[in-house]
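Biologist: Before we look at the model, I would like to know how to read domains, helices and chain contacts in it. Please take them in turn.

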There are 2 protein chains.
Amino acid sequence: MKTLLLAAAAAVLTAASPAAAADLGANAAALRDKALSDTTAWNVLESLTTEVGGRQVGSAAMTRAKDWGVAKLQSLGFENVHVEPFVTGAWLRGEESAEVVVPYPHKLAILGLGNSTPTPAGGLEGEIVLYRSYAAFLAAPPEAAKGKIVVVTGRMVRAQDGSGYGAINAQRTRGPAEAAKRGAVAYLLRSLSTDDTRLPHTGTAAPGGIPAAALSTVDAELLEHMADRGQPIRIRLNLQSTYNPKAQAWNVVGELKGREKPDEVLVVGGHLDSWDPGTGAIDDGSGVAIATAAAKLAASAHPRRTIRVVMWGSEEQGGSGEAYGAAHKAESPNLVVAGESDLGAGHIWSLSVPKNSLSHPAMKAFTAAITPLKVIVTPTAPRFGGSDIEGLMTNGVPFVDFNQDASRYFDLHHSADDTLDKVDPAELAQNVAVWTAFLYSVADSDIDFRALAAQESK
Amino acid sequence: MKTLLLAAAAAVLTAASPAAAADLGANAAALRDKALSDTTAWNVLESLTTEVGGRQVGSAAMTRAKDWGVAKLQSLGFENVHVEPFVTGAWLRGEESAEVVVPYPHKLAILGLGNSTPTPAGGLEGEIVLYRSYAAFLAAPPEAAKGKIVVVTGRMVRAQDGSGYGAINAQRTRGPAEAAKRGAVAYLLRSLSTDDTRLPHTGTAAPGGIPAAALSTVDAELLEHMADRGQPIRIRLNLQSTYNPKAQAWNVVGELKGREKPDEVLVVGGHLDSWDPGTGAIDDGSGVAIATAAAKLAASAHPRRTIRVVMWGSEEQGGSGEAYGAAHKAESPNLVVAGESDLGAGHIWSLSVPKNSLSHPAMKAFTAAITPLKVIVTPTAPRFGGSDIEGLMTNGVPFVDFNQDASRYFDLHHSADDTLDKVDPAELAQNVAVWTAFLYSVADSDIDFRALAAQESK
């Protein structure tokens, strides 16, 4: 029935708004081209990484980032710019160092993991027991870890779809707690990274009760070579940190109102918080920049519905997606679709849209417009749209999943190398073009993803 | 006359030793193939970087490196293994840090330069004046630098022949002294590097009287973006270091005696010292490993002359080449040829041998043997053979120049990324094969480079 109503509505409005199918396609294509040469995303990203830098939830930098977000959205002409405060747990890095002390002094490049417990002041020292994979660690006799510093050096596989990260994620997220269970005094892992630079990559672990840090891939390999000698290796580790269970955080919001249906809202964004070692250019300054620029470009064609940009305030340590979902539960039926850009600045190479929607004129206009952008439109519906829209997904809001090329992402992610110089402006612009075409095509149509999804598969 | 004598000698010895031309060529080719699958160089390099690590002249690690060198040469069957002590100046790094304090706190990745004067304890703070090239700094009004921290961010060009380094070298070597002359309080440069990782690259500067450090290329670019705002930028810099004008150092020596003319000696080596941030795998553990392995392989065919390996003990801060030349002045007429491998582990892509020698049967055997190794044999004589053989060059010892592909060298050189994992075993083996064929061809012949060079050009 809903479909019939939509068809009727489309017939009535053919020459007016929402744009007729032909206009929708032409407008989407024109906006795509405009996006490819638009510098808004680059400028937003350059501004954030230059004027704010790294911005960990709970830090003074995050407060500055929130103020930056408000000012940036206002300066770009967004309406209803505001912050939505919430409270979340925040682990903050203190003084950190590690070195081999036996067989000889050698400084190790490390970064403590989010949720790591601190070492005693001045550090701790222990003999290591080294495993070359997480599976080997789990399979080893538990007593081998007792009183030791467990080192696990499994290697992450590079993949366009980023699947190497999920495959080895337990080495970081679950390793510290498993080592704690076995009586280890600390846990070190080879960074979940595809690079070969001497920079470690941080990230969170499940709370585990022992100090835990990531080694650079280079240092992990050195320890393997040392371990080949069969002689004892002792490491001194100093990890200071603090944990604030009730840190103040904010989702920063701005809207560009639809001309006819301002209460029907598309939600798109990235996360404003980052890890501290870099300047958060790829994770996730790029997502913030892409969403902001695409919203602005799509809205420049004055579509029917409202486009809302959210700069989520605590993705790395969690909290912003849940807070957003909870705060917008009542509004969720009016949220047309949600999406998050959070895999850096690599080009979008495949995407999926809600079930049964591909044959709708709006999605036909969208997919036709992005043909030159070399994107595979997958026929299956998305399973996950991003950590920060999980709350909305739970509320039943339709969502999309735009997959960026992650081949290089894990060279940089969560490390000191997550910086502006790593972003290719042309790749960034391709993202903006895809999102612009999508936001416009949906915002200037009557597409109802819920109704389409409720139909039998076509 | 010497040529006639050589020809006569060759005629006499055709069927015996030195090897006849045909044998020389066949033996050189066989040794080349042996070298390509030999693991000695890799094993030596793995041992040095794993068991000793970084080894700066004047440090405890350098003492361990010297002991390692003696033990390694002995274990490989070298004869007359000994150390030749000398005294040299040694700058040693202490505590170091730098951060932007205005407009907001941002940690900078830096490394103090060799010969930098220390800051006052606890550091110094100053406003920066930033120039985007060394030429722009020199051309600026001198008073602009007065009381400031001078930052120069010229970029190094990547080149197979490494020529980008020489082109920009003054930015590091002369910059601090020029900034001091203009009344600056400190000097920071963009690292002389072709990489884009957040790791700075150290090196020496001419003594300049002010604290001086290298920024990672990433941090240099961030400062450029900050400077674009036209607002004051203040940096806090803490560089602690010590300088020992009379540090104990050693050249480590081993020989493989010739079977007929043991007093005619080929000298080949690399330098054992390294900068401290990495493990000195490419600069110059690779040279040490290549020279050691090539000498061992060439001597396995029992050539006529002696092959001597020298692990020079203070290249980075200077001293070992001068010391070696001075100590071996009297012996220099007996030194047939000298060579140093000191440009990492990239393959040899061109080489030059002493004037007029290419038509000699020994060089014909050599150049024929390396045909499959994709090396351009240049027709002109070498102009420079390496810092550590400068003293020998001054003494009139003939020398060679084997040019390695430096395309990636300056991504790693003098940084924490100078580590074993960056070395490609196949590239390392190509170097060993070229040096092996050369050492064998010269050692098992009567070639007299001095006599050939004294002839009119052919």
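This is a predicted model: local features need pLDDT of at least 70, side-chain atom pairs count only at pLDDT 80 or more; totals for chains, interfaces and linings use all residues.

Modeller: Residues are numbered from 1 along each chain as its sequence is written, while chains are lettered from A and ligands numbered from 1 in the order in which they are written.

Biologist: Into which domains is chain A divided?

Modeller: Domain bounds come from an automatic or database domain assignment. In chain A, domain 1 covers 2-89 + 246-454 and domain 2 covers 104-232. Their C-alpha centres lie 35 Å apart.

Biologist: How many residues of the two domains are in contact?

Modeller: Contact is taken between two residues whose C-beta atoms, placed from the backbone, lie within 7 Å. By that rule, 18 residues of domain 1 of chain A are in contact with 20 residues of domain 2 of chain A. Helix α14 (residues 409-412) of chain A provides the largest share of the domain 1 side, 3 residues. Helices (H or I, at least four residues) and strands (E, at least two) are DSSP runs, numbered from the N terminus.

Biologist: How far does helix α15 of chain A reach from its first C-alpha to its last?

Modeller: The expected span of a helix is 1.5 Å times one less than its number of residues. Helix α15 (residues 425-443) of chain A has 19 residues and reaches 26 Å, close to the 27 Å expected. A residue is buried if 20 or more other C-beta atoms lie within 10 Å of its own, exposed if 12 or fewer, and partly exposed in between. In α15(A), 16 of the 19 residues are buried.

Biologist: Which helix gives the most to the side of chain A that touches chain B?

Modeller: There, 21 residues of chain A are in contact with 21 residues of chain B. The helix that gives the most is α9(A), with 5 residues.

Biologist: Which residues does Val102(B) touch?

Modeller: Not counting residues up to four places away in sequence, Val102(B) touches Pro232(B), Ile233(B) and Arg234(B). Val102(B) is found in strand β1 (residues 79-102) of chain B.
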